[in-house]
2 protein chains.
Amino acid sequence: MMRRIADVLKQGQPDEAIEVQGWVRTKRESKGFSFLEINDGSALANLQVVFPEQLPNYVDLIKRLNTGASLQVAGVLVASPGKGQRIELKAATVTLYGEADPDSYPLQKKRHSFEFLRTLGHLRPRTNTLGAVFRVRNACATAIHQFFQQRGFLWVHTPIITTSDCEGAGEMFTVTSLDLKQVPQTETQGVDYSQDFFGRPAYLTVSGQLEAEIMALAFTNVYTFGPTFRAENSNTSRHLAEFWMVEPEMAFCDLEGDMDLAEAFLKYVFQYVLEHCSEDMAFFNTRIDNSVLATAENIVSHEFVRLTYTEAIAQLQKSDRSFEYAVEWGLDLQSEHERYLAEELFQKPVIVTDYPAQIKAFYMRLSEDGQTVRAMDILAPKIGEIIGGSQREERLEVLEQRIRAQGLDPAIYWWYLDLRRYGTVPHAGFGLGFERLVQFMTGMTNIRDVIPFPRSPLNAEF
Amino acid sequence: MMRRIADVLKQGQPDEAIEVQGWVRTKRESKGFSFLEINDGSALANLQVVFPEQLPNYVDLIKRLNTGASLQVAGVLVASPGKGQRIELKAATVTLYGEADPDSYPLQKKRHSFEFLRTLGHLRPRTNTLGAVFRVRNACATAIHQFFQQRGFLWVHTPIITTSDCEGAGEMFTVTSLDLKQVPQTETQGVDYSQDFFGRPAYLTVSGQLEAEIMALAFTNVYTFGPTFRAENSNTSRHLAEFWMVEPEMAFCDLEGDMDLAEAFLKYVFQYVLEHCSEDMAFFNTRIDNSVLATAENIVSHEFVRLTYTEAIAQLQKSDRSFEYAVEWGLDLQSEHERYLAEELFQKPVIVTDYPAQIKAFYMRLSEDGQTVRAMDILAPKIGEIIGGSQREERLEVLEQRIRAQGLDPAIYWWYLDLRRYGTVPHAGFGLGFERLVQFMTGMTNIRDVIPFPRSPLNAEF
């Protein structure tokens, strides 16, 4: 019976007749038999398969079964006399599907740098580390859906192609069906968008929030989980041009409810991954960052710190640290400030709330003081901001004023304003950068190593 | 205690003290009290709330609580003496959040055409039909994730921005950071892509299949579920410029395994929606298409018909129907042919296999006959093709020949070919148009009514 290697390693018993399929990771030839480690991607660990020399075509077969080759093996499980595994498979019938020439196959047993592996986007999922990353990524994604679905949230698909700019900021990619060699121009020297697919300028979305608000004001609780884009020319280990975001949006919810949900959400996802990917997480803790397990357990078992921006500024000012950037009420927190709060002062996730209005987006709810908005950022040790959220401005007149104050045209936001005109309610939501979460979970330092096919300046291969 | 209306309608008991929140759907004033129907999007049905005139500010409150207004109500559940509901809520405390001016709020009680509602993308989720559509859409999506996760498939995020064209066909949107007013040109009159974000032409993906193959050849079983794009200038009820696709890909799998999975998959999703959205499905059956329940049950309980393209051609030729398009071996099946097979001849989903090589994509596995490829299309009554899949060509030389034969350059597919060079295995997969599935499920005739924010020629509002 065909079995996943993950299941065989966990549940397989001596004398069971099974079949597995997979790719050779290593080969060790010995007198009278050979050991091959086989992996099918279902688990980090390989299944050890013993090939006795009595097998038909043994010599030729072993010669051809090099690292990377694919095969199917039928045989019987036996208790393993060797160290490192409970059971092993004694091969009886072998089908070799595809070879991998050891002279040219790039993934030989030695370790490769992540930088080198990025040039092999089509093969790197076959390595231990990237394999573990993508299994953890899948577990995170599954946990996210489960968390929201159990609470009655609808997954809503907000548009990728958009004609509006969520925050009135951020560099956006243009989407067009025009021929770039000959972009039609109008008489007044502008682009003739009437000939473009959508009849006007169109972009790749930077956030599904505004459309998620539409859906929350019909279904109460919704979330998005999809790709978003930034055409920012940042060639760093922290930025991607294409990344996945999770954006829940809740009607009849204020900032306290928003923070409660965000904290429960992070705890749930970490708990889920600890339970479902224990082998992969142990691997990250051993090989990548020896604090990931402690961090995960810290998140699951402790309440997050909550303090206002004003309190955070006071804490920073009274610390004996000298910061590169000024600490002053009204200025945004810089990465060094966020790290000080989360890594040094509190040593756990910190929720900073009630930021000055002038450094936050127009849609955040203005407080009674007229100075701050009901925003919150969750700062995590090592990662910095992992979640940003707010209660939304639900008052029509205030929202219109805020849009104008930021130099934006309310007419563009007609439908967003309509949500306040007809049946408006207090509502709130947050955004989570999914790759940041996977980085946080695994300890991987470069964001390009937690998404299968990273897009960044000058890089869109595969 | 705050409750979802869906839960109250299902489990609420007389004498329970509860709170609900939502939007007014209808108001009926009577002597001494008023009835308001409240909806929070969690269910199709409304909760009837009785407002006795003893409430503080009763007259003013009822005057302001028009269709579309938002409120919170606390009170006690009572058995309903009226028809149409088991229980109702007797209001004790009411908070009005937001009014909806009856003179301007567009969603008054009368029925609106779907065409009109499309101009109100920000409000139409609050209508009965669109509400039911998006709940069913969410249930379909959840069923899809559950189906694959239970079987050990990884959800993989394939790139949206791509520099390759999956099928060497199809109109693609260009993605650029260049200023369309002044696109830089090289001396030889071409676009100077060195100044563009990715340093070369980039597009929105039409399929994640090729990248899903990369992942399947590391993890054995994977699936994509994400947005895909076509810049096709088709202003029809069947086409979208942006739509969601589900694409499983399985290593060590042939066309039979592919068909088995596709059939099990469709049955699972239909069964799940019948169980979890019974109220919404009954609504579609009554109001939209009185065959949707029978169709769903037919799919769940009957084996799909499987026949080869060659057999299908023979069936079409011997039928007494006169078709507009020619029926001849080597020509593609047209919509009228597909409908005849699925709706008239077999009256259930039909899987047509083994199409002529020349009408199918290069990556489909060439059969021994040298004439056909191991492709399969699942044709559904009313919808036509709902799934298209194939066993992939895993033989390096054959694949190279097929790429060349279609006038494509193998160099562009270097990494795709590498998958056949190193550890190649038989593998297969299929693609499902998610919106087509939701249409099939709900009976909605226009595809723009099953996605929250449809994108089509000259249309990218919201």
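Which residues of helix α10 (residues 335-345) of chain B are buried? The views below get to that helix last, after a quick word on the model. This is a predicted model, in which local features need pLDDT of at least 70 and side-chain atom pairs count only at pLDDT 80 or more, while totals for chains, interfaces and linings use all residues. Residues are numbered from 1 along each chain as its sequence is written, chains are lettered from A and ligands numbered from 1 in the order in which they are written, and side-chain values use heavy atoms, with hydrogens and water left out.

**View 1. Chain A on its own.** Chain A carries 13 helices and 16 strands (DSSP runs numbered from the N terminus: H or I of at least four residues for helices, E of at least two for strands). Its C-alpha trace spans about 85 × 60 × 45 Å along the principal axes. Of its 462 residues, 62% count as buried, where buried means under 20% relative accessible area, exposed over 50%, and partly exposed in between (1.4 Å probe, protein chains only). Take the contacts in chain A with a separation of 6 or more: residues 24 or more positions apart account for 66% of them. Contact here means heavy atoms within 4.5 Å.

**View 2. Two copies about an axis.**

View 3. A:H157, A:F197 and A:Y422 supply 10% of the area that chain A buries against chain B, more than any other three residues. Between the chains about 8600 Å² is buried, with carbon and sulfur atoms giving 67% of that; the figure is the accessible area (1.4 Å probe) that two parts lose on being put together, summed over both. The copies meet through the same surface, because 100% of chain A's interface residues are also interface residues in chain B. There are two salt bridges between the chains (a side-chain nitrogen of Lys or Arg within 4 Å of a carboxyl oxygen of Asp or Glu). B:R200 forms a salt bridge with A:E461, their closest N and O atoms being 3.5 Å apart.

**View 4. Strand β3 of chain B and its partners.** In β3(B), residues 47-52, six of six residues are buried. B:L47, B:V49 and B:F51 point one way, with B:Q48, B:V50 and B:P52 pointing the other. Strand β2(B), residues 33-39, runs antiparallel to β3(B) and is joined to it by six bridges; strands pair if DSSP finds at least two bridges between them. In that pairing, B:I38 stands opposite B:L47. Two bridges join β3(B) to the parallel strand β5(B), residues 87-98, where B:L89 stands opposite B:V49.

**View 5. Helix α10 of chain B.** Back to the opening question: the buried residues are B:H337, B:E338, B:Y340, B:L341 and B:A342. They pack against α9 (309-318), β13 (350-356), β14 (372-380) and β15 (384-391) of chain B. Just after the helix, B:Q347 takes a positive phi of about 55 degrees.
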